[in-house]
Amino acid sequence: MKAVVLRELGAAANLTLARLPDPEPARDEVLLAVRACGVCYHDIIARRGDLGPLPLPAVLGHEVVGEVLAVGESVTGFRVGDRAATLQRMSCGECAHCKANRNSLCKVDRRFFGEEIRGGYATRMTAPAMGLAHVPDSLSWPDAATVCCTTGTAVHVCRTRGRVKAGETVLVTGASGGVGLQAVQLCTHDGARVIAVTSSESKVNALVDAGAWHVVVSRDLAFAKDVKRITAGDGVDVAIEIVGSATFPQTLKCMAPGGRLVVVGNLDTGTFQLNPGLVIVKELEILGAYATTRGELETALELTATKKVKSCVSEVVPLADAARAHFRLENREIAGRAVLVPDAE
Ligand SMILES: [Zn+2]
Ligand SMILES: [Zn+2]
């Protein structure tokens, strides 16, 4: 098979096209002919080594869809010819966290696709059936590829963790990226009013199209004043923090009393100083959000297939151009999502 291989952590240019032996599915796995794989900011952080060491050589890519070519002998629920999408990471399905539907907290099996399990920057991959969901026929491969990590994450962040309700005001930072655009759409669909923060004027139209009530363009990331003005001093009920340490202190200042601040991204993996007083007197809830459950992925695929939430795919590029796609994403040249598609072998 062909694969884009990372032999050494570091720059985008370290991603090179190579030939690898075809993988064989284990008992509990399926073999997929990869049809599309999203390029996620997570891949960039992993490639640089900022997530820690990866098993090298690595094949990145956790936003994978493909056609089932073969199934291991203990696999149920998938047959040859089925269309399947991967979750971001595995979970065991048996432990107390999994039984409580908190699969992101599972420690028994926390293998990540594209890391401990070779990923979708390839023409073929094997995947444990536990880590897959069925893709509706009406969804195109590129659209389906990004659903888990964008709309699926938005379902986890906005509904499951943020408990966003109709009539609430929601702040979304880093709103023009893959997760951001889907969070804006989903919260709007669910009846909330969304204030979207972006650092780039060129991304305003996409955010208005996604349903944002207000868009704040903030190059210096000092947006709390604008948010206070827009909400007549009240602040926001929920904040979806996608940027992380660079915006967190401002986001904290935007919160209404009793607000819920959901942290889902930390792009520069930085830290910041927190004044606990703000959290105390406003009785804020600060909530982490990580990955997507199979149920949330199915909900997200359904929301996309029924066009309640639009896909955020902005470009489809050949697998061989993975390094360039990384370079451009890192330099903020991609609004929405780029998807890699392999040539026929
Ligand atoms: Zn992703
Ligand atoms: Zn578990």
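Author: Gladly! Keep in mind that this is a predicted model. Let us begin with a proline: Pro57 sits in the loop between α1 and β4 (64–71).

Reader: What kind of peptide bond joins Leu56 and Pro57?

Author: To read a peptide bond, look at its omega angle. Here omega is about -5 degrees, and the bond joining Leu56 and Pro57 is cis.

Reader: Now the backbone angle phi. Where is Asn101, and what is its phi?

Author: Asn101 lies in the loop between α2 (96–99) and β6 (124–128). Its phi is near 65 degrees, a positive value in a residue other than glycine.

Reader: Is Asn101 buried or exposed?

Author: Exposed means over 50% relative accessible area. Asn101 has 56% relative accessibility, so Asn101 counts as exposed. Glu283 also has a positive phi, near 45 degrees. Glu283 is in the loop between α8 (276–281) and β13 (285–288), and it counts as exposed because its relative accessibility is 65%.

Reader: How is the chain divided into domains?

Author: Start with the domain assignment, which gives domain 1 (2–149 + 292–341) and domain 2 (163–288). Their centres, taken over C-alpha atoms, are 27 Å apart.

Reader: How many residues are in contact between domain 1 and domain 2?

Author: In domain 1, 16 residues are in contact with 14 residues of domain 2. The area buried between the two domains is about 1,100 Å², and carbon and sulfur atoms give 57% of it. Helix α1 (residues 41–48) gives the most to the side of domain 1 that touches domain 2, with three residues. That side divides into eight nonpolar, two polar and six charged residues.

Notes. Residues are numbered from 1 along each chain as its sequence is written. Chains are lettered from A and ligands numbered from 1 in the order in which they are written. This is a predicted model: local features need pLDDT of at least 70, side-chain atom pairs count only at pLDDT 80 or more; totals for chains, interfaces and linings use all residues. Side-chain values use heavy atoms; hydrogens and water are left out. Domain bounds come from an automatic or database domain assignment. Contact means heavy atoms within 4.5 Å. Buried area is the accessible area (1.4 Å probe) that two parts lose on being put together, summed over both. Helices (H or I, at least four residues) and strands (E, at least two) are DSSP runs, numbered from the N terminus. Ala, Val, Leu, Ile, Met, Phe, Trp, Tyr, Cys and Pro count as nonpolar, Asp, Glu, Lys and Arg as charged, and the others, Gly among them, as polar. Buried means under 20% relative accessible area, exposed over 50%, partly exposed in between (1.4 Å probe, protein chains only).
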